[in-house]
Structures are given as C-alpha cells and as structure tokens.
Amino acid sequence: MATPLDRMLYDAAQGLRVSWYWGQKLLAASRSTSEKLPEELQRSLPDRARHLRDLRLLLERDWRNIAAGYYRMPELLASPAAQLRRSRAFFADLSRVEARRKARDNSEISRQTPRGPYPRYYLQNFHYQTDGYLSRRSAQLYDHQVEVLFGGAADAMRRQALVPLHDELRRRGVKGTRLLELACGTGRFLREVKLNYPRLAVTALDLSPFYLDEARRNLAPWSRAEIVGGLAEAAPLKSASFDVVVAIYLFHELPQKQRRLVAGEIARLLKPGGLFIFLDSLQQGDAPDYDGLLAVFPRRFHEPYYAGYTRENLTKLFGAAGLAAETSDLAYLSKLATFRKPEHAEVPSKTSLVTPRGA
C-alpha cells in the first residue's frame, strides 16, 4: 500500500525529472530551426502553460494508479552520471539533427544502408535522428530524445498501458499467460512490465538489431523474456500463441497498408479471447485544443505517416482484422485503447506476408 512518504518521494522525483527534461526541451528548441507557420496555425497551438497543466494531470493520474495498486512505484531516479552522459550525447548530436531538418534531408538511411531485410518505409531518418533506427548510437540516445520531446512525460504515458494489463492479469493470472510487444524498441515498457510481473512470460519483437540489444540489456535481470527480430507486419511467431499483444507508439510510424497488415498480424497472433493494448499519439478530434499541434508535428519532426494515422478510424482498422473495441482513453498526448479477439474466433494459419517492393 502506498504511504504518504511514497507520495512525497514520487512528487519530488517527478518534479526533478520534469524540470530536467523540460529544461533540455527548451534549450534544444532555442537551438532549433523554426519554421514560419501560417498565423491561424500558430494561434491553434497550445501554450506552455497548457502543456504543463496537462502534464501535471498526467502525473496525478500516474500517482493514483500507483496508490490504487495498478502498478508499483517506478524506478525514481537514474544515476546522475548516466543522465549527464546521455544529455551530453543528446546535445552533441543535436547539430546533426538540425542540419537534416534545415535541409529537409530524411533519406540518409536509404542512401547508406543496404535494403536487406528492411522495407523501404523503414529506411528513413524518422525525427531526423542520426542513423534512423539502425545503429547502437541511435538505440542508446532514443529514450532520452523521446523524454526531452515530451518534457519528461513519456514514461508516465507508457505506464498507462499497465492499467488494462493489470485488469487482464487479474482475470487470467500470470501463470501460463504470454505477452508480446510489437516494435518494442529498447524494451523500456517491457522493463516496467517485468518490474511489476517478474514471472510473466514476455516476448520482445523489433526490426532493429541495435534496439533489440538495448532491450536485451534492459530485460537481463529477468527470466521468461524472449527477444525476436522481425517485422511487425510479418512476425516470425506462431498463430494464436499470445494472450496479450501490446503496441506502443508504433502505428503512427506505419504507412496505411502496413497499418492494416500489422492489425491482421495482431489478430493472428492473439489466442481467442486475447487482448490487444494500443498506446499511441492523440488523433485529430480527440482533444481539439491539441489538433494544431498534431498538424505541425509531422512537418517539424519528419513523421511521414503521422497525418494519415491521426485520421485513421481505429475501430474500423482493428475491426476489419476481427478485433472488437473495448475501451478508449486519453493520457496527455497519448491515446490508450483496448481491443479483444472473440472467444470463438477461428485460429488462422500463418500466411506468407512479403512486403511488396517499394513499400
């Protein structure tokens, strides 16, 4: 049970955390190339006070979840020396990111990387980041970059996906339950999962071998953690082999066709009655005060499929794959939703999904 001391520790740690990342966000913005936006778009952007108010509401929600027993207190503070190293690396790389942004150059990866197992849409400098998703340097910088982008809110938004997981595991029990995260990145969310459910069997799937190396390190303290390389739209995994599938900040980086293929894979991989937990960006109309920000974001950070994602009807997308919508909620800049595979759904066989040339 959470105590008043726990609340004091949480508030102090989160206050320091937000100050640390929000300060870097402001410093990075001061060094960044600013695009002149149409006046009506400028007027539609939420101001800093609105962001900070909603971030405080997110942290209050995070604490209430902890106090209610949905998940344990997060790891409060990382090593100051490690934080400083990551911050120095972030700012050292910032000039390269800004040079790409200024030149609108998002194709270094496709010029420098053999196609190999990677589909064309993946070989881009998403967010104008150095090396895209295909280097050890990128994998080590990524989580820090994301926290700076969200002013220290990214981990708290991710933790909201632990709430439907908690409810599902209370119903099923941990023993015998298997969870898969598609496009797990560095394994940051799965680390939260294992901190709360150390005996839960989890599988981490990602296309980048470098990010999987980071995931392997993050999950090293626990057993029952499998690491798999592969495409989310053609996962090298057996049909109907998972009770829970999770996708966090994946769908906004997928072209329209791939979004449909991944939805189909989720339905294939889930057992009948299985749960899909979705966490991604807000969509247009979810929080109208943020609609202007959603329109600016892909222009500012090279997210080529983001605008299409923000207009996607998720109920239809996953419904077409055979998944029924259950819940939907908003958490600051993120959308949390759950979908379930019917109890008596047929178990599809694994089909050969080959990414078409040019996809």
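A salt bridge is a side-chain nitrogen of Lys or Arg within 4 Å of a carboxyl oxygen of Asp or Glu. The model is predicted: local features need pLDDT of at least 70, side-chain atom pairs count only at pLDDT 80 or more, and totals for chains, interfaces and linings use all residues. Residues are numbered from 1 along each chain as its sequence is written, and side-chain values use heavy atoms, with hydrogens and water left out.

**Salt bridges**

The count comes to 32 salt bridges.

Asp243 belongs to strand β4 (residues 242-248) and Lys271 to strand β5 (residues 270-281), so their bridge ties together parts 28 residues apart in sequence. Strands (E, at least two residues) and helices (H or I, at least four) are DSSP runs, numbered from the N terminus. Asp243 is buried at 5% relative accessibility, while Lys271 is partly exposed at 25%; buried means under 20% relative accessible area, exposed over 50%, and partly exposed in between (1.4 Å probe, protein chains only). Through shared partners, salt bridges join Glu168, Arg171, Arg172, Asp243, Lys271, Glu326 and Arg340 into one network.

Arg96 and Asp93 are 3 residues apart in helix α4, so about one helical turn separates them. Arg96 is partly exposed at 36%, and Asp93 is buried at 2%. In the remaining pair of the table, Asp105 is buried at 19% and Arg111 is exposed at 53%.

**Asp62**

Asp62 sits in helix α3 and is buried, with a relative accessible area of 0%. Its side chain makes a polar contact with that of Tyr71 at 2.4 Å. Such a contact is a pair of N or O atoms within 3.5 Å; within protein, one must be able to donate a hydrogen and the other to accept it, and residues adjacent in sequence count only if both atoms are side-chain atoms.

**Pockets**

A pocket is an open set of points on a 1 Å grid over the protein atoms alone, where a 1.4 Å probe fits, with protein on both sides within 12 Å along at least five of seven lines; lining residues have an atom within 4 Å of a point. Volume is the space filled by probe spheres set on the points, which are joined across faces, edges and corners.

The largest pocket has a volume of about 1,400 Å³. Of its 43 lining residues, Lys25, Leu149, Phe297, Arg300 and Phe301 are the closest to its centre. The second largest pocket holds about 1,100 Å³, and α4 gives the largest share of its lining, 9 residues.
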